[in-house]
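Trainee: I've got a model open and want to learn how to read it. Can you walk me through a few features?

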Amino acid sequence: MWKWIGAFIGTLLAGFWGFVGGFIVGIFLDRARATQSGGFRRRASMIEQQQVFFKTLFQLMGRLAKADGHVTQDEIEVANTIMDRLRLPADARRQAQELFREGKSENFDVDAALERFRNVVGGGMLRRSLIEVLLVSAYADGHLSLEEKQLLGQICAKLGMSETEFNQIHEQVKRQAHFHQGYQQQGQQGQSSPELLKSAYEVLGVDESASDAEVKKAYRKLMSQNHPDKLSAQGLPDEMIELAKERTQEIQSAYEMVKKSRG
C-alpha cells in the first residue's frame, strides 16, 4: 500500500523521478510493516503453541493413567514428579492437575484434543517431545500395559507419526530410563560397571563395536534432537525446558562415560 502512496506523493512533488523515489521508499515501508505484523503473528502463534502443548500433555497423561481401567498411586506420583521437575508455580500446577483430571473423565474428547494439537503445534520436534513425556508417564508403574500401548498408537496415528518413529522413541525412552537408574546409583559416584557402560552405549544408540566417529555422530544427532534452545525455538513451553535439559545432561553423561572407557 505505502509504495503506491509514496509514488503518488512523489509524482505530485517531483514528476517521474518523484514517482520512482516515492515508490522505492514505499516498498521499504511496506516491508517494515509486514515484518512487524509478521513478528506479532509469530509471537501470538508461539504463545498459542505453548498453551496447546501444555494443555494436551496433561490431558493425555490423565487419559493414559486411566487407560487400563484404574489410576494407580504411582501414576499420580509421576504426574506430580513431572510437575515438580517443571518447577510449576502454584497457579500452573493447579491448572495441570485440573487438566489431568479432565483427561481421566469419560467425557474427555481425545480426538478433538489431538486435532487441536495437530492444527496448532504440528509435527516435528514438539510432537516427538509430547510422545516422549507420555511414554515416561505410562511407565510410571514399571511397565507399559496393552491398553496404554494401544492408546499411544491411536495418539501417534492421529498426529501423523509412523509406527517406526514411535518404536524408535519408545526404545530410546526405555534406554534412557535404564541408564538414569544405573547412573543415579553408580555414575554420580564416579563408578562405571560393565552393565552401566552397556546402558550408556544403548542411550547413544550404538554398539560397543562402533568406531569413535560413529559414537560421536550418534551423540551429536541426539543432542540436536533434544537441545533445549532448539525445542524452545520450535514452541516448547518454558516449563518443559527443564525436562529437555535433564535429557541432554543424561545424553552428555552417557557420552562422557563411553569416551572415558575408550581412553
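Trainee: What does the side chain of Q49 reach?

Mentor: A polar contact is a pair of N or O atoms within 3.5 Å, where one must be able to donate a hydrogen and the other to accept it, and residues adjacent in sequence count only if both atoms are side-chain atoms. Here the Q49 side chain reaches the backbone oxygen of V120 at 3.4 Å. This is a predicted model, where local features need pLDDT of at least 70 and side-chain atom pairs pLDDT 80 or more, while totals for chains, interfaces and linings use all residues. Residues are numbered from 1 along each chain as its sequence is written, and side-chain values use heavy atoms, with hydrogens and water left out.

Trainee: Is Q49 buried or exposed?

Mentor: Buried means under 20% relative accessible area, exposed over 50%, partly exposed in between (1.4 Å probe, protein chains only). Q49 has 13%, so it counts as buried. It sits in helix α1, residues 2-66; helices are DSSP runs of H or I, at least four residues, numbered from the N terminus.

Trainee: Which residues have the most contacts inside the largest nonpolar core?

Mentor: A nonpolar core is a set of buried Ala, Val, Leu, Ile, Met, Phe, Trp, Tyr and Cys residues joined through side-chain atoms within 4.5 Å. The largest one has 40 residues, and F58, I131, L134 and I155 have the most contacts inside it. Helix α1 gives the most, nine residues. A second, separate core has 19 residues, including Y201 and Y219.

Trainee: And what is I131 in contact with, leaving aside its neighbours within four places in sequence?

Mentor: Contact means heavy atoms within 4.5 Å. On that basis I131 touches I155, C156, M161, F166 and I169.

Technical notes. Helices (H or I, at least four residues) and strands (E, at least two) are DSSP runs, numbered from the N terminus.
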